[in-house]
Amino acid sequence: MISGIRGTRDILPDEVGRWRRVERAAVEVCERYGYVEVRTPVIEREELFAKGTGESTDIVQKEMYAFTDKGGERVTLRPEATPSLVRAFVEHGLEQALPFAKLYSLGPMFRYERPQKGRYRQFHQLDVEVFGIADPAVDAEVIEMASAFVAELGLEGAELVINSVGCEACRPAFSAALLAALGERVSDLCGDCRRRADTNPLRIFDCKVPADQPIIDALPHSEDYLCDACRDHFAEVRGHLDAYGLSYRVSHRLVRGLDYYMRTTFEILGAGLGAQNALLGGGRYDGLVRQLGGPDRPGIGFAAGLERLVLALPAGAGDAAPVDAFVVALGGATWAAARVLARDLRRTGLRVLIDYGGRSSKSQMKRANRSGARHMLIVGEDELAAGEVAVKEMETGEQRRVPRDGVASAIANRPAAHDRGRQASQPASENPGVAGDAGTRSVLVD
Ligand code: AMP
């Protein structure tokens, strides 16, 4: 047997409903806030991330799936989406076409990290980016949308954390202050931190090594080194968040693992996820578009990890709706009629199963029971002759004969007891079902 690659996962049928729940909420929320979708390739030039994500980041230093292709080009599986979206924005001149360049994208990312719960080598992100708006109101709107997305998924106990990491003007003084505060103690830090002290001292705040923490806790806070413009920007962002009534914690350690962030950074942490508890994270990156060869446009965005959102979903979210009916044929000519009945019911939007291989009625009924179908539809010689079908409601055991052409409405109008009051009769195609109740047919489109 050839097994899957370490750090990758198969998403099996029992989990797919939860994935769809998250993906649909993502699309729905983004579109409600005026974002449009972009889909970029999973493979890009390596230099896009070296320049975009940053040479000093762990991602570029050690985690990229980069290789030389058969034509001799250095390429990589994308480790994150932001540089790709910036590239697409610039390459296609999207700012001409879009009054507000508010883009979102969903798809797999690849990082050669040490796998653990909530951390994989292939994982999926919702990526959200806004180009061209420097107003702190957009920082707050992006953060508010991220919070709304998490709330829409019913995740309890999520915590919003924000910070400001300053800009090109004030960060050098902060970096110098960090190095001054560290002094000789740099040599007591882990190897990664010693490297960070040389390349980008801010990255030291990313360190998770326990022995380093007392030293890091005593370091100065970025908020105390902001220039006037950054301080005003941060105050305005906070003012907007307060107006939205969002609660948040300011954490001076939130510097985020990517080089391009400036001013606002934020994360939403999930409850009960263990060490890998960041559901999403992002921030402002005003220099990035220019750095990647585009016009000088500000940017802000975030990426949410879909695996972690799926893990954090409440129990029962995204559960598949029950099968509406299992058609049982009582032998001979009834099989053909039963198959046409199943086809006709499926065309009305109902979920219908039928057996194969001419099995006995007893074994079909066993399968009908196991399938969890809400109804069994029995097509026997008598029923066939009378143009009727025997309809059995599985929960109550109640059985009655219904004219063949009335079966669809009979079973649609007679949902199982636990489903009464829900929109069980609605065909899937008329029910977009985003953020829909997990038990309705809305989770069953296609
Ligand atoms: P980042 O792109 O590193 O800012 O991460 C944004 C979000 O993506 C995180 O908050 C996680 O939810 C998710 N994420 C990042 N790396 C991984 C990974 N290796 N496996 C699963 N999710 C990840």
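How many disulfides does the structure hold? The structure holds zero disulfides, a disulfide being a pair of cysteine sulfur atoms within 2.5 Å.

## Basis of the model

This is a predicted model, in which local features need pLDDT of at least 70 and side-chain atom pairs count only at pLDDT 80 or more, while totals for chains, interfaces and linings use all residues. Residues are numbered from 1 along each chain as its sequence is written, and side-chain values use heavy atoms, with hydrogens and water left out.

For Cys 170, which is in no disulfide, the nearest cysteine sulfur is that of Cys 227, 3.7 Å away. The sulfur of Cys 227 in turn has its closest cysteine sulfur in Cys 230, at 3.6 Å, which is too far for a bond. Cys 170 counts as buried at 5% relative accessibility, whereas Cys 227 is partly exposed at 21% (buried means under 20% relative accessible area, exposed over 50%, partly exposed in between, with a 1.4 Å probe and protein chains only).

## Ligand surroundings

An N or O atom in the side chain of Arg 111 lies 2.8 Å from a ligand oxygen atom, and a polar backbone atom of Gly 305 lies 3.2 Å from an oxygen atom of the ligand. The protein covers 92% of the 480 Å² of accessible area that the ligand has on its own (Shrake-Rupley method, 1.4 Å probe).

How values were computed
A polar contact is a pair of N or O atoms within 3.5 Å; within protein, one must be able to donate a hydrogen and the other to accept it, and residues adjacent in sequence count only if both atoms are side-chain atoms.
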